Amino acid sequence: MTLLEVRGLSKSFGGLRAVDDVHFAVETGSIVGIIGPNGAGKTTCFNLVSRALPVTSGRILFDGQDVTALQAHQVARRGLARTFQSTTLFTEASVLDNVMVGYRQRTSAGVWDALLRSRRLAREEQDAQEAGRGILATVGLADLADRTAGSLTQEQQKRLAIAVALVAGPRLLLLDEPSAGINAEQTRDLIALIESIAAGGVTVLLIEHQMQVVMHLCQRIMVLDYGRKIAEGTPDEIRRDPAVLEAYLGHT
Amino acid sequence: MTPPRLSRAMPVALLAVAAVLPLFFPNEYYLQILTQGYIFAISACGLNVILGLAGQLSLAHAGFFGIGAYTLALLGTKAGVPFWAGLPAGVALSAAMGYGIGSICLRSRGHYFAIFTMAVGLIIHLVIQKWESLTHGHVGVIGVPGPGAIGPVTFDSSAARSYLALGFLALTITAIARLMDSPVGRTLMAVRENEALASAVGLDAMAAKRLAFTISAALAGLAGGLFAGSIGFLGPESSNVEMTFNTLLYVMVGGIGSLTGPVAGTFIVYGLSQVLAVLQQFQMVFFGVALVLLILFMPTGLAGVWRSARAGWGGRVVQRP
């Protein structure tokens with residue numbers, strides 16, 4: 001079954017065609033990687049799919065429904081979560097508050113519930129706390145719940161960003177360079193974490209520069225270069241693909 | 001987030017001090033100043049909702065103050081509507097205008113939002129000032145109905161009116177405290193700190209900011225209505241840009257985003273302005289210099305100084321063997 005399908009996706013910034021007529025599909029339950037040289041349009045592609053940027057042309061179908069015209073928060077509520085390339089958190093807030101913000105989309109208490117301290121608010125706060133502490137335990141940050149997010153190490157912040165994206169129980173998780181800026185041992189832990197997330201039933205689409213991460217994790221890989229998709233296939237196929245070798249190594 | 005116990009003790013202590021304050025100066029004039037201080041503090045708390053909680057600098061604030069004030073004043077003088085009906089009408093109209101205007105203004109961001117709202121505030125002020133057939137322009141509205149008795153409780157004395165204003169201020173602070181300590185407050189924090197991430201986790205940033213703007217306008221309208229009702233006279237200067245900047249000064253001195261900071265800021269700045277009233281317009285020279293120094297040396301206001309002082313004490317205690 002196809003969870004995400006992108007048809008003829010294009011994005012122009014003035015004269016620059018950052019994403020050019022890209023087609024791809026992500027099957028439910030798979031881990032798919034997007035690789036490509038710097039400036040290939042990978043993050044732009046993520047920003048289009050997560051609706052952070054308006055598309056120039058093309059369609060995005062999530063779970064069979066056209067979400068091209070939706071706003072970022074609407075597509076997030078349908079179960080499409082993402083992280084950002086530069087680790088993005090609410091740095092002044094506590095670690096627990098960060099994940100509770102991530103859970104907010106699942107709750108409905110509004111301003112009157114807050115003013116009147118309604119029973120619904122109390123119940124939802126408890127749900128959010130439980131979900132928050134649960135996800136913090138999953139990513140290994142349970143002991144740091146009361147620290148401010150900004151006081152965590154870079155690697156802890158990366159795990160927290162994943163927790164914030166995961167806490168509401170998305171069906172598709174977009175990870176933008178999850179291994180950037182962490183060491184080899186931490187990368188192994190990260191690979192294990194992503195595998196356990198996928199084993200939990202979350203489909204994963206990730207942008208990654210470290211080849212061993214992509215080759216190890218992904219069932220399918222697609223390669224972007226100058227905004228175009230130049231190859232797609234299994235890790236083995238991608239390794240041997242002449243167009244990929246040329247894009248990475250240049251003409252020889 | 002600040003620990004709830006300490007942030008709750010602060011307003012309770014202030015309330016206790018405020019409750020006995022009128023006993024020490026039963027002079028009518030000082031009681032009126034005190035009442036106006038409470039009213040401006042409500043307005044400052046309102047500005048703090050959009051500025052401190054949602055992170056958007058609105059300069060239309062006095063416009064909403066004027067809408068609340070003129071709604072009560074005109075309904076009272078032209079249609080004989082009593083204070084207790086005019087006040088909620090003013091709050092409702094301010095909130096409705098805030099919702100509508102916010103829906104448009106909040107499409108712009110940062111400096112553009114500030115400039116946009118300043119223009120909106122100016123337009124509201126000009127409408128009030130120039131629509132003479134309705135508002136009597138510069139002459140103002142005379143004979144605005146004051147708060148009538150509720151059962152056996154009357155508000156005819158200045159002391160009673162100061163307690164009434166204090167009651168509304170306490171309600172305002174309680175309401176904002178509950179908002180801050182709720183998912184609604186957390187949503188506003190998220191939108192303020194990082195709108196892209198807030199949207200990515202499914203929060204409707206526009207709706208959150210519009211809610212904050214509406215609450216902010218409603219509180220400005222409440223303050224405006226109380227202001228008009230407590231003085232009995234209303235002129236167009238209640239809605240001018242200077243009024244907005246005064247309120248902004250209260251919030252900045254007290255500490256943007258803190259619960260009780262804006263109240264403390266109001267009392268310090270408004271109190272000083274009464275003491276310095278002999279200087280007339282030259283007092284703005286004093287406040288101008290004070291504002292520059294404030295931004296340079298304590299940008300987080302009194303609340304920020306208080307927080308870091310407390311953290312300092314905490315740190316020393318920990319270091320002791």
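This is a predicted model: local features need pLDDT of at least 70, side-chain atom pairs count only at pLDDT 80 or more; totals for chains, interfaces and linings use all residues.
Residues are numbered from 1 along each chain as its sequence is written, while chains are lettered from A and ligands numbered from 1 in the order in which they are written.

Reader: How many helices and strands does chain A have?
Author: Helices (H or I, at least four residues) and strands (E, at least two) are DSSP runs, numbered from the N terminus. By that count, chain A has 10 helices and 10 strands.

Reader: What is the radius of gyration of chain A?
Author: The radius is taken over C-alpha atoms, and the globule rule is 2.2 Å times the number of residues to the power 0.38. For 252 residues the rule gives 18 Å, and chain A comes close to that, so it is as compact as a globular protein of that length. The C-alpha trace spans about 70 × 40 × 35 Å along its principal axes. The radius of gyration of chain A is 19 Å.

Reader: In what order do the 4 strands of the open sheet in chain A run?
Author: Two strands pair if DSSP finds at least two bridges between them. The pairing in this sheet is antiparallel. Strand S2 (16-27) and S5 of chain A each have a single partner strand, so one side of each is left without a neighbour in the sheet. The order is S2-S1-S4-S5 (chain A).

Reader: Which residue in S5(A) is the bridge partner of Phe62(A)?
Author: S4(A) and S5(A) pair in the antiparallel sense over 2 bridges. In S5(A), the partner of Phe62(A) is Gln65(A).

Reader: Where in chain A is Asp63(A)?
Author: Most residues other than glycine have a negative phi. Asp63(A) is not a glycine, yet its phi is positive, about 55°. It is partly exposed, because 16 other C-beta atoms lie within 10 Å; buried means 20 or more, exposed 12 or fewer, partly exposed in between, with C-beta atoms placed from the backbone. Asp63(A) sits in the loop between strand S4 (57-62) and strand S5 (65-66) of chain A.

Reader: Which loop of chain A holds Tyr226(A)?
Author: Tyr226(A) has a positive phi of about 50° although it is not a glycine. With 16 other C-beta atoms within 10 Å, Tyr226(A) is partly exposed. Its loop is the one between strand S9 (220-225) and strand S10 (228-233) of chain A.

Reader: How many residues of helix H3 of chain B are buried?
Author: Helix H3 (residues 61-79) of chain B reaches 27 Å from its first C-alpha to its last. That is close to the 27 Å expected at 1.5 Å a residue, where the expected span is 1.5 Å times one less than the number of residues. Gly80(B), with a positive phi near 70°, follows H3(B). H3(B) is mostly covered, and the buried count is 16 of its 19 residues.

Reader: Which helix gives the most to the side of chain B that touches chain A?
Author: Residues are in contact if their C-beta atoms, placed from the backbone, lie within 7 Å. On this basis 22 residues of chain B are in contact with 32 residues of chain A. Helix H7 (158-180), helix H8 (183-193) and helix H9 (195-200) of chain B each give two or more residues to that side. With 7 residues, the one that gives the most is H8(B).

Methods
Two residues are in contact if their C-beta atoms, placed from the backbone, lie within 7 Å.
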